[in-house]
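Dear colleague,

Please find below the structure that I am handing over to you.

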Amino acid sequence: MTQDRAGIAQRAGDLLDAMRSARPLVQNITNFVSMDTAANALLALGASPAMVHSAEEAGDFAARADSLVVNTGTLSQPFLEGGETAATAAHMLGRPWVLDPVGVGGGKFRNDAVLRLLRHRPSVIRGNASEIISIARVSGLHADGAAPRGVDSAHSTDAALVTAQHLAHHCFCVVAATGAVDLVTDGRRVVRLANGHELMTRVTALGCALSAVVAAFCAVSEDAFEATVSALAVYGVAGEMAAELAQRPGSYRVAFMDMLDAITAADVAARLKVL
Amino acid sequence: MTQDRAGIAQRAGDLLDAMRSARPLVQNITNFVSMDTAANALLALGASPAMVHSAEEAGDFAARADSLVVNTGTLSQPFLEGGETAATAAHMLGRPWVLDPVGVGGGKFRNDAVLRLLRHRPSVIRGNASEIISIARVSGLHADGAAPRGVDSAHSTDAALVTAQHLAHHCFCVVAATGAVDLVTDGRRVVRLANGHELMTRVTALGCALSAVVAAFCAVSEDAFEATVSALAVYGVAGEMAAELAQRPGSYRVAFMDMLDAITAADVAARLKVL
Amino acid sequence: MTQDRAGIAQRAGDLLDAMRSARPLVQNITNFVSMDTAANALLALGASPAMVHSAEEAGDFAARADSLVVNTGTLSQPFLEGGETAATAAHMLGRPWVLDPVGVGGGKFRNDAVLRLLRHRPSVIRGNASEIISIARVSGLHADGAAPRGVDSAHSTDAALVTAQHLAHHCFCVVAATGAVDLVTDGRRVVRLANGHELMTRVTALGCALSAVVAAFCAVSEDAFEATVSALAVYGVAGEMAAELAQRPGSYRVAFMDMLDAITAADVAARLKVL
């Protein structure tokens with residue numbers, strides 16, 4: 001992947017088109033708050049969502065899905081079992097899967113759950129800066145910064161850079177710390193994107209839905225790093241386009257879904273901001 | 001029920017008015033993704049939703065509700081218990097109930113669950129063509145066509161016609177296979193409707209919400225066949241009206257809810273397409 | 001709290017500003033239907049939602065949250081355990097918490113659950129008039145009026161006045177019975193507000209989200225009575241403002257979220273109706 005702006009935008013546009021053609025089946029094991037938003041974001045963008053999380057079904061379904069996202073919001077024992085079952089299957093079958101460690105750092109139950117999920121080797125970890133710092137700490141890595149208070153980030157993305165690189169090395173995966181600036185690294189390569197809009201933090205579940213979108217892009221590229229960068233590029237540019245249509249959170253949510261449908265490779269080429 | 005276009009439209013309009021006057025209490029045992037959308041669709045259309053699914057309460061509540069819908073999306077053991085308890089109660093009390101076999105064909109757990117629910121004699125089975133073909137196969141009936149990949153239909157409605165008729169005979173119920181063309185049969189009568197819009201497939205949970213709307217119409221007619229045809233007529237016409245207001249999935253979802261509120265018998269009379 | 005119109009409006013505006021500055025972390029243990037709407041309402045208004053309900057985490061999290069709301073819609077044993085754990089913690093730590101007894105009166109399981117939650121001394125009980133009458137009856141207090149049929153109120157707010165006062169005395173808490181007229185009492189003081197709009201009953205979960213907003217206001221005032229009155233004032237005025245922008249339920253929901261973001265102390269001062 002060429003890491004200059006033009007190359008990143010080009011690749012993001014190509015993968016957007018490829019994803020829309022392939023219409024990958026993305027299995028979502030996500031929290032109760034974000035199921036609707038994640039499913040609608042995938043549909044709006046052109047992927048095919050499947051919300052299959054029960055331990056009875058999650059493993060079998062992973063064999064049929066093109067990729068998987070496991071999210072630890074509203075975590076409970078049954079959801080964790082479903083998540084582990086699906087992640088095991090995905091890992092064994094070589095299917096890409098994305099871990100969204102919502103609220104990690106917030107207590108022993110969730111931290112232990114995240115550690116158990118990490119064993120199944122996610123292709124990508126996507127969280128806000130505070131979650132990336134917390135997941136590194138929980139994994140026994142040195143990490144700077146205090147624990148988050150709730151599910152919203154208390155850290156800037158830059159504060160997470162070194163930690164994200166350590167985590168990527170340690171877990172052999174791509175790490176994305178998203179926020180006002182989005183940071184993606186596989187331990188070696190680093191890309192920083194600066195699209196998106198403040199209103200994205202005023203609508204619940206848009207971070208969770210982003211993780212599902214990363215999984216959709218991972219289904220159409222062998223390189224999880226470029227898939228993640230491309231997903232973040234498309235999502236951030238759509239977020240910016242939506243802010244030109246709506247300035248308050250209710251209508252912004254609607255406009256954002258519309259822009260996931262409307263966005264083209266040309267929009268990404270014209271608007272992408274790489275730092 | 002007169003099966004010509006004018007007669008169907010007339011009856012659909014009459015039942016819409018009757019349903020709005022009666023404001024039936026519809027018990028929903030549905031998946032996590034569609035609860036919000038099903039409840040809002042029922043409220044927009046003028047019915048009264050109740051989302052009561054726990055095994056502790058579902059049976060008692062069925063005695064107070066006017067009709068019931070049981071949906072197998074995001075299925076788990078506790079939901080299945082709630083669904084069976086409520087379906088048993090509804091059947092014993094002679095209350096109409098609608099089975100929405102989301103994802104049937106997708107594995108043993110779900111297939112067994114659907115078979116258990118079928119024993120409680122649904123008044124209506126509402127699914128996409130692939131689900132109708134799968135439920136027939138799972139029930140031991142001959143059925144043409146391959147199993148679906150995810151929750152979206154891989155079959156056209158016409159492919160499901162013979163299977164739907166067999167299923168209706170076998171289960172003594174109404175079968176509705178919905179899609180670009182909606183097909184309704186009680187084994188003897190067959191109606192095909194051709195309203196709706198492609199954007200309805202780009203918003204999650206609109207199929208699930210339709211099953212809830214079928215349940216609302218079943219509460220105001222002794223004839224489950226005409227109730228189902230009428231519900232599909234109203235829903236499809238509202239879907240078409242919404243597409244005149246919004247062309248992308250985020251705003252389409254909003255417009256569709258508005259049109260469920262706005263639609264009148266006159267709209268159905270003017271726009272209904274019977275094949 | 002001065003109970004004249006100007007004083008109430010002034011205090012509501014002050015608390016709105018204080019809440020937006022403090023951005024309290026509100027823990028939500030709420031039903032599946034309302035999680036998305038409650039989270040988005042809190043975000044739109046300027047608070048910080050956290051949806052943490054599992055028994056494994058709810059108690060620890062209550063120590064970090066600024067306030068808590070426990071809602072009995074879609075109740076199940078696991079949710080009840082999470083709710084009790086969190087309510088115990090909140091009560092012991094002196095954190096305000098709001099009980100939304102959705103559907104109380106609807107059966108033994110739910111009634112028993114509400115009685116168990118009441119032992120942990122909520123700061124505020126917020127329900128519709130039928131729920132307030134039912135919770136009083138379930139608590140062994142004399143209460144007039146028949147039990148509700150579903151989750152929507154069968155009673156006017158005025159019918160609940162004497163009962164609400166008894167309940168407030170009995171439970172040492174604030175009681176709010178909301179509807180076309182909102183009634184708030186701590187047993188001694190009584191305020192009646194008359195904002196809001198009929199369309200609020202046509203969108204699911206707006207009552208549940210109101211309880212979350214009451215919790216957000218309780219986080220910034222020692223006086224749960226004035227916090228509740230202020231939350232209801234802001235919510236009702238926002239509801240009225242939204243009805244000037246949208247006249248059908250789909251677009252009304254969007255407009256209402258926008259107005260929770262837009263509303264200012266000046267809007268409350270200009271529009272508040274105190275009976």
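**A residue of chain C**

Glu56(C) has its place in helix α3 of chain C, which covers residues 55-64. Please bear in mind from the outset that this is a predicted model. Is Glu56(C) buried or exposed? A residue counts as buried if 20 or more other C-beta atoms lie within 10 Å of its own. Glu56(C) has 22 C-beta neighbours inside 10 Å, and therefore counts as buried. Glu56(C) and Gly82(C) are 26 residues apart along the chain, while 7.5 Å separates their C-alpha atoms.

**The sheet of chain C**

Chain C also contains an open sheet of 8 strands with mixed pairing. The order of its strands is β2-β1-β3-β4-β5-β6-β7-β8. Which strands of chain C form the edges? They are β2 (48-50) and β8 (190-193), each of which pairs on one side only. On average, and with direction ignored, neighbouring strands of this sheet are turned by 20° against each other.

In chain C, strand β1 (residues 25-29) and strand β3 (residues 67-71) pair in the parallel sense, over 4 bridges.

**The contact between chains B and C**

How many residues does the contact take from each of chains B and C? Chain B gives 27 residues and chain C gives 22 residues. On the side of chain B that touches chain C, at least two residues come from each of α2 (35-45), β2 (48-50), α3 (55-64) and α10 (249-262) of chain B. The element that gives the most to this side is α10(B), with 7 residues.

**Chain A as a whole**

Chain A has 11 helices and 8 strands. Its radius of gyration is 17 Å, close to the 19 Å that the globule rule gives for 275 residues, so chain A is as compact as a globular protein of that length. The C-alpha trace of chain A spans about 45 × 40 × 35 Å along its principal axes. Of the 275 residues of chain A, 68% count as buried. Among the contacts in chain A between residues at least 6 apart in sequence, 74% join residues at least 24 apart.

Yours sincerely

Note on methods:
Residues are numbered from 1 along each chain as its sequence is written. Chains are lettered from A and ligands numbered from 1 in the order in which they are written. This is a predicted model: local features need pLDDT of at least 70, side-chain atom pairs count only at pLDDT 80 or more; totals for chains, interfaces and linings use all residues. The radius of gyration is taken over C-alpha atoms; the globule rule is 2.2 Å times the number of residues to the power 0.38. A residue is buried if 20 or more other C-beta atoms lie within 10 Å of its own, exposed if 12 or fewer, and partly exposed in between; C-beta atoms are placed from the backbone. Two residues are in contact if their C-beta atoms, placed from the backbone, lie within 7 Å. Two strands pair if DSSP finds at least two bridges between them. Axes are lines fitted to C-alpha atoms, for helices over the stretch in contact, and angles run from 0 to 180 degrees between N-to-C directions.
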